[in-house]
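Student: Hi! Could you walk me through this structure? I'd like to start with a helix and then look at charged pairs.

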Amino acid sequence: MIIGKDFNSKAKEILKLMYEKSEGKEALRIDVKAICKQLNIDKPEAKNLFEYLESKDCINIETMGGPYLYGDVSLTKKGIAKSQK
């Protein structure tokens with residue numbers, strides 16, 4: 001996976017949107033499809049972004065399945081902190 005400025009910007013956008021959708025709450029499930037639709041993220045990019053954010057302990061992948069491989073994700077404490085930067 002190539003990580004560049006664009007990739008990191010998208011990852012930050014995801015965290016900020018998740019923060020808004022969860023109202024800053026940890027472990028609240030958020031629909032991946034809704035995130036991808038709102039940020040115009042395609043399937044391969046979504047897979048890479050969500051796996052990256054999980055590897056950095058910013059999100060938890062809660063359910064598998066759906067059009068973007070993952071169904072629901074949630075923020076971790078670290079993800080909440082990162083979303084505010």
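Tutor: Happy to! In H1, the buried residues are Phe-7, Lys-10, Ala-11, Ile-14, Leu-15, Leu-17, Met-18 and Ser-22. Seen down the axis of H1, these buried residues fall within an arc of 165°, so they line one face of the helix. The arc is taken from the directions from the helix axis to the C-beta atoms. Buried means under 20% relative accessible area, exposed over 50%, and partly exposed in between (1.4 Å probe, protein chains only). Helices (H or I, at least four residues) and strands (E, at least two) are DSSP runs, numbered from the N terminus.

Student: Before we go on, what kind of model is this?

Tutor: This is a predicted model, where local features need pLDDT of at least 70, side-chain atom pairs count only at pLDDT 80 or more, and totals for chains, interfaces and linings use all residues. Residues are numbered from 1 along each chain as its sequence is written, and side-chain values use heavy atoms, with hydrogens and water left out.

Student: Ok, which residues are exposed on the other side of H1?

Tutor: Those are Lys-5, Asp-6, Lys-12 and Glu-20.

Student: And what do the buried ones pack against?

Tutor: The buried residues of H1 pack against S1, helix H2 (32-39), H3, S2, strand S3 (70-75) and helix H4 (77-83). Contact here means heavy atoms within 4.5 Å.

Student: What comes after H1?

Tutor: H1 is followed by Glu-23, which has a positive phi, near 55°. Glu-23 also forms a salt bridge with Lys-25, with the closest N and O atoms 3.9 Å apart. A salt bridge is a side-chain nitrogen of Lys or Arg within 4 Å of a carboxyl oxygen of Asp or Glu.

Student: Is Glu-23 buried or exposed?

Tutor: Glu-23 counts as exposed, at 62% relative accessibility, while Lys-25 is partly exposed at 45%.

Student: New topic: how many salt bridges are there by this rule?

Tutor: The count comes to 3. Another one joins the side chains of Arg-29 and Glu-62 (3.9 Å, N to O). That pair links distant parts of the chain, 33 residues apart: Arg-29 is in the loop between helix H1 (5-22) and strand S1 (30-31), and Glu-62 is in strand S2 (residues 59-64).

Student: What about Glu-51?

Tutor: Glu-51 forms a salt bridge with Lys-47, and their closest N and O atoms are 3.0 Å apart. Both residues lie in helix H3 (residues 43-55), 4 residues apart, about one turn of the helix. Glu-51 is partly exposed at 26% relative accessibility, and Lys-47 is partly exposed at 35%.
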